[in-house]
Each structure stands twice: as structure tokens, then as C-alpha cells.
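Please consult the sequence and the structure below.

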Amino acid sequence: MAAHDQDKPQPDHPDPDHAERDHSEPEERDLARPARLVAAVTLISRLFGLARDLILVRVFGDTAVGSAFNAAFALPNIFRRLFGEGALSAAVIPVYARLVEHDDPKRHDLAGVLVAALALITALLTLAIEAALWLWLQSAGPADERTLSLELLMLAAPFMPLVCTAATIGGMLQVHGRFLPAAASPIALNTCVIAAGLAALLTDTEPEAGARWVTAAVVLAGVIQAAWALAELGRRVNWSFVASRARGPLAEIRRVFLPALVGLGTLQLSTAIDVVIAMSPVWFGDTVLGAPLPLDEASNAILSFTQRLYQFPLGVFGIAVATVAFPALSKDAHNDRRFADTLARGIRLSVFIALPAAAGLALIAQDLTAVLFSGGSTGFSDDGVDRATTVLRCYALGVAAYSLNQILTRAFYARGDTRTPMRVSLAMLGLNLALNLTLIWPLREAGLAAATAIAAFAQTAALALLLRKRLARPTDAENRATAPALTTPVLSGRAFTRPALTTAAMCVPVAACLFFFPAETWWAHAARLAAAVTLGAITYLLLNRRAPELRALLARKTA
């Protein structure tokens, strides 16, 4: 297996477990095993991220400094998700997987030229962003919250080319069956940020200076991530930079990239729009067309810190399933029966995890935000905690849709259709913007979260309906005879019925726990949170103890 080759690259097999399989429920376990690995490593990195946010909340609180830092941190991460983990990986993985599967030497040229071109293009884009921010800074006037925000944006910008390169290489490593580097690299980021945040907290540093320390630590983490990714891929390819030999694969990637950028970037572009609207009081003033905005300088801090709570289950499970399913969908793209089976398995795993996560987050939102964001003289104010609770409940409504959109969009890309998700995404962006500008008035920053959730559900419905039509038209003669079997809905009742019923049953004891045990102090919120989470997890697992999805996720790999 290529993952063990330390001296020179050899032909790789994209399935890390191809040598021998346990044939009990083989189809489920093909996705469940790597998904379990990615989810486990991502869980560790998300726990580090949770610790990071606990510290940063104590350093910044729900203040203008917290809003400024989160805006600066969001910029490179939006580019990472759009380019590194999103559109570019979606365009690269099918092409690179085909070259690896056929042991085509052009894979070495593609890897070298692609990494070099990506580093150059993102570096030039960073310089353009820096220049634009510098010009804006010159017109900002006396030092104020906007000045600090622009300075932090400029300091964080170099993280973008580093993290985009690392994320794209991570996608290529997944083709070699190496899911660990991409899943674990955020640990380096969180470790650096935690160190800088603790230094600022323990030395009682002013929040403005602490924000600069932490932002510099983010850039350092980008250097570490890019170096690790390059070293890992270097063990599997002979670096070559002859663009003429990779012309064909590069042309195919260019053709797919732009539609994929729009199709997979809906959630990220929606996030960017949310940041701009939430930062409006800092960047543009607190009125619009003479009317006062319902937002304030704390809005982006509240929105950003809370946003990462709903991204916890999405990143650990939803994106993990989509990540490991995409190479499999790409390999099965020309076999309708196998493609439909792989897609169905991915959807069932996503729904099995996302439904209880969404319901649980909505129920425990008050206790979770109180425990994580408040405490003593640091952290959020009481008003900030209440606002964060409402934001989290709105985001939680869309967790299942966010997860399903990841795999549904990749299903289109695996079959070479990038235009359909692009068109759907453009429509959803328009819907999301309209909802943003409507819902912020009654709900403040929670309106941005609600708009994102509603648009995500609309996108899921549209993608599922259109994908069903694609599967109803076989791609090859071999599968035309089975076409009637492929006309069942993509989001079938089988995928939802059992998880929905057991999730509803799980909510009963959790809601009872929250109702009968009131909490006023931090310790009471912490105790009630622990009891509700434990009770909900045990209930859901017991009710699903015989579910094939749970058996697949918990099954041990046989030797």
C-alpha cells in the first residue's frame, strides 16, 4: 500500500482496506471504516477547536475586538473551504483518482504543476487583498474598531495560500487512502492558537494586542500545515513540473473548477455574506439608508463563536462521510447500480448522525452557550449568551441539510455534472441574501443563522430531485435494464424513518431533564448539560443498537 512506501512512489490503490475485507455488511463498511477514522481524528481536532474557542471567548468576549478577530479568521478559512477543501478538491480528485488507478505517470506531473500553480495564484491573490485592505486602511481615519479589524485582516491574509495548498494536497492524499493528514492538520492550527490565547489570557494582555498575537499564531500554523502536506505527498509522487505532460488533466480540472466553485461554495459564500452583514456596524456604520441597523459591534463575535458549535457535528460526521464517499462515487460514476448504492449508503450514514445532532443542539442550546461562553468576569455578557442561544437554535435546524448537501453535490461532480449544482447554488445564494436582509430585523444576528438553515433545506430538496432524474437515465448500456430500480427517491423514506422516530424518542427524556431541573448558575447549567447529553446519547444508541448504520460505524476492522 502506498501509505507505507517511504523510499519511492509505487502504484497506489485508492481503497486503504483492499487487501482483505470482512464480508458481513461489506457495502456499509466500505464507507464506514474510513469515515470512522476521519470522524475520530476530526473529533479530536474539533475538541482542540472547542478548547481554542473557550480561551478566545475569555480573551475577547462579545466585544468589537472579538468581532474583528473572527472576521479576520473567517477570511482565509472561507477561501480554504472554497478552494482547498471545496471546489478545487472536487475538480482534482476524480481526475487524479483515475490517473492513480491506472498507474499513469502523468499523475506526478499533475501533482507538481497543480501545487506550484495553486501556491502562485493564491499568493498573488493574497497580495491583491493586502493592497486593497491597505488602501481601505488609509481612508479609515483615526484609530477605532474598524482600524483594528483591517489590521487583523491584513495580518491573517497570508494564512490563505498556505491553508489552501495544504487542503488541496490533502484531497490528493485521500486518493492514496491517506485521510489522516487532512483530518488532523487543524490540530496544528488549534494548538498554535491555544498557545497564543493562553499567553494573552495569563499575562492579562489587552484584547487588541492579544488579537494580534493569536492572528500571528494562525499564520504560523499555516506554515506547519503546508509543510506536513507537502512531505506526505512527496512520499507518493516523483515531483515533476512539466506542464505539457499534464495538459489534458489540467484542462479537465479547469473545466470543472468554476462550476464546482459555485456549487460547493454555497455554505461558504453564505458565511461570507453573514460576516459582511454582521460586521456592518464596524465597517460601514450602524445605519442603512438612514435607518438604524438591528445589529451592533458584538454581532459578529456572537455569530462566529456560536457558528462553530453547529459546525462541530457537521465537521466531525457530515463532512467526514462526504469526504470518504467522494473518491468511491468517482470510481463508481460509470456504473449506475454501484453509484446508486454508494450514494444511498452515504446518505443513510449522514442522516443517521445528523438528525439526532440537530435535535440535540436545539434542545441543549441554552446550557451549551451558558457553559462555554460565560463564567466569572470573562466571556459573554448575559445578553450575549441569550443571543448566542437563539443563534445556535437557528443554525441547528439546518444541520441535516448541511450534511446532505455535502454528499449530494459531490455525487453530481463524480458523474461529471458541475453545472446543475452551480445553478442550484446561485439560486440558493439569492434566496439566502433575501432572507438575510429580511430576518435580521426581527431576529438580529439570529436571522442570519435562520436564513442559512432555510436556504440549506431548499438546496437539499432541489439537489435530491434533480439527482433522482439523473439516476433515472442510465449512463451505459449495461445498466439500462436496471433503470426502473434506480428511479426511487434519492432521499428515501428508509434513510429517514428510523432515525427520525428514534430521534423523536430521544428528545422526550432530554426535554424532561431540561424541564424538571432548572439551572441558574454556571455549575447548574454544566450539570444539566452533562445529564442531558448523556441521557440523549444513551437513549439514541439503545434505540438503534441493531441499526446497520451503527453496526457499520462501530465494527472493528478485521485482520
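How close do the axes of helix α4 (residues 145-156) and α7 come, and at what angle do they cross? They come within 9 Å and cross at roughly 20°, with axes fitted to C-alpha atoms over the stretch in contact and angles running from 0 to 180 degrees between N-to-C directions. The model is predicted, with local features requiring pLDDT of at least 70 and side-chain atom pairs pLDDT 80 or more, whereas totals for chains, interfaces and linings use all residues. Residues are numbered from 1 along each chain as its sequence is written, and side-chain values use heavy atoms, without hydrogens and water.

**Helices α4 and α7**
- The crossing angle makes α4 roughly parallel to α7 (under 35 degrees).
- The contact (heavy atoms within 4.5 Å) involves L148, E151, L152, L155 and A156 of α4 and E208, A211, R212, T215, A216 and V219 of α7.

**Residue T215**
- T215 lies in helix α7 (residues 207-234).
- T215 counts as buried because its relative accessibility is 1% (buried is under 20%, with a 1.4 Å probe and protein chains only).
- Its side chain reaches the backbone oxygen of A211 at 2.7 Å.
- Leaving aside residues up to four places away in sequence, T215 touches F69, L152, L155 and A156.

**Helices α15 and α16**
- The axes of α15 (residues 419-443) and α16 (residues 446-471) come within 7 Å and cross at roughly 155°.
- These two helices, α15 and α16, are therefore roughly antiparallel (over 145 degrees).

Conventions. Helix = DSSP H or I, 4+ residues; strand = E, 2+ residues; numbered from the N terminus. Parallel < 35°, antiparallel > 145°, perpendicular 65-115°, else oblique. Buried < 20%, exposed > 50% of the residue type's maximum accessible area, 1.4 Å probe, protein only. Polar contact = N/O pair within 3.5 Å; in protein donor to acceptor, adjacent residues only side chain to side chain.
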